[in-house]
Every structure is written in structure tokens, then in C-alpha cells.
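Colleague: Before we look at anything in particular, could you show me how to read a polar contact and a helix packing from a set of atoms?

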Amino acid sequence: SRLQAKTARGRMLVVGNIPTQEIAERLHSYSGRVCIAAFNSPVSCTLSGNPDDVDLVQKDLAAAFSHRNIFLHVLNVPAAYHSPSMDVILGELEQSIEPLEEQKGDVEVISTLTGAAASAKDFTRGKFWAQHTREPVAFTQAIETAARNRENVVFVEISPHRALQRNIKETLGNVTKVLPSLQSDAEYQALFSLVGNLFELGYNPNWQHFYDGYQSIPVTIPR
């Protein structure tokens, strides 16, 4: 938050139901002022820039694509993340993060910075993390990488809301299985449903861990 206070005020706008390439073409006249901050799916992206220019873009897109059911939603954020507004803090952010110790990972991690698998060395570099603040989120590319050359892929969204389910299905198709893990008003039910759904799909959870702390003592059944 200390570094964020050094950046200019900004605004971010989610755009949906229109191919990202078409949105990118509409942004040519706003070059340097509004940019694509996240590639959410082939038909959804997030824009970032100063408040006045983002407002103009929102009105422009609403008018241009009114007949095509365009989705427009302003995010409640104080800054224009993943935009040139972040340039003023990148150097200090990079220095404040380093040095980090390299650790061997157990699973492959796909970076939303590059859309490709990250190496262990990536996570030790302050520049790698600073770029996450400045560069666009390559979520579409990361999801495509995760599913490439794999069959029956199942995604588990670890988030309090189903924010990414739609983007994943828009990227890979509606038949893609995306399971939620959390629900604010039904946490236990959501987790139990998740485990049950994974079991039905052929995954074998560690049942001992699942029931840890819930062991019961058998009692004699009355006759």
C-alpha cells in the first residue's frame, strides 16, 4: 500500500462478450492512456488507465457494441494495475522483494505473466514479481497451457467466488469441468461437494486427512 500510494489514481474496466482482438483495435485512439491489463478469455479482457480515459472508453464501447450484448463492469480498485501507472514503483518493488531463496517445487506452476510454465529461478527474482504488477495478466494463455496435451482436465477454483469459471469455459469450451472450492455462506457444503465431485471423476482423495479430527468411537448397537 505504501508503494501504491505513489501511483496516480486509476480505474479498471472488465469487458466481456466481445472478442479481445476487437477491443484491442478500439483502443488504438487511446494509446498510452488505456491498455489491456488482463486477457481473461478470447472474449473477455480487463482495461486499465486513468479514470477519465477509462470512462470515455466505457462509453465508446457501450455505443459501438450495444447490439452485441457487450458486458461492461468497473472494478472497485484504487489504481490502474498492469498499466504504465505502475512504472514509478517497479524499481523499488523489485529491490524490496529480493533476495528470495530458491525452493524446489512439487507441482508445475504456470505463470500468468508469460502464460507458460515458470521455473524455480523465476520465483527468486524481484523483477519477475514486479513485472506481475506492470504487465498484462496472461490468464487465457495460462489456461491453454494447462490444458495442452492433456485429456479430461479438471480445474478447481480456489477462490471465495466463482470469478474464473466463466473465463475458463470461454477459453476451453463449455464442457470443461471447473469446480468451486469455497462459498461464503456454505463453506463445508462446498468443500464436501468438491471432494465428492472429484471422487466421482476418478480422483482418490486422502481420506485419512479428510476425516482427521472427526474420528468417532464405535458404540454397541442396542438389540
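Modeller: A polar contact is a pair of N or O atoms within 3.5 Å, and within protein one of them must be able to donate a hydrogen while the other accepts it. Please keep in mind that this is a predicted model. Here the side chain of N17 makes such a polar contact with the side chain of R166, at 2.7 Å.

Colleague: Where is N17 found, and which residues is N17 in contact with, leaving aside its neighbours within four places in sequence?

Modeller: N17 is found in the loop that runs between strand 1 (11-16) and helix 1 (20-26). Leaving aside neighbours within four places in sequence, its contacts are V43, R68, N69, I70, F71 and R166.

Colleague: How do the axes of helix 3 and helix 4 cross?

Modeller: Angles over 145 degrees count as roughly antiparallel. The axes of helix 3 (residues 87-97) and helix 4 (residues 126-134) come within 8 Å and cross at roughly 150 degrees, so the two helices are roughly antiparallel to each other. Helix 3 passes helix 4 in a right-handed crossing.

Colleague: Which residues make the contact?

Modeller: Helix 3 contributes D87, L90, L93, E94 and I97, whereas helix 4 contributes G126, K127, W129, A130, T133 and R134.

Note on methods: Residues numbered from 1 in each chain as written. Predicted model: local features only at pLDDT ≥ 70, side-chain atom pairs only at ≥ 80, totals over all residues. Heavy atoms only, no water. Axes fitted to C-alpha atoms, helices over the stretch in contact; angles between N-to-C directions. Helix = DSSP H or I, 4+ residues; strand = E, 2+ residues; numbered from the N terminus. Parallel < 35°, antiparallel > 145°, perpendicular 65-115°, else oblique. Left-handed = near helix turned anticlockwise from the far one by under 90°. Contact = heavy atoms within 4.5 Å.
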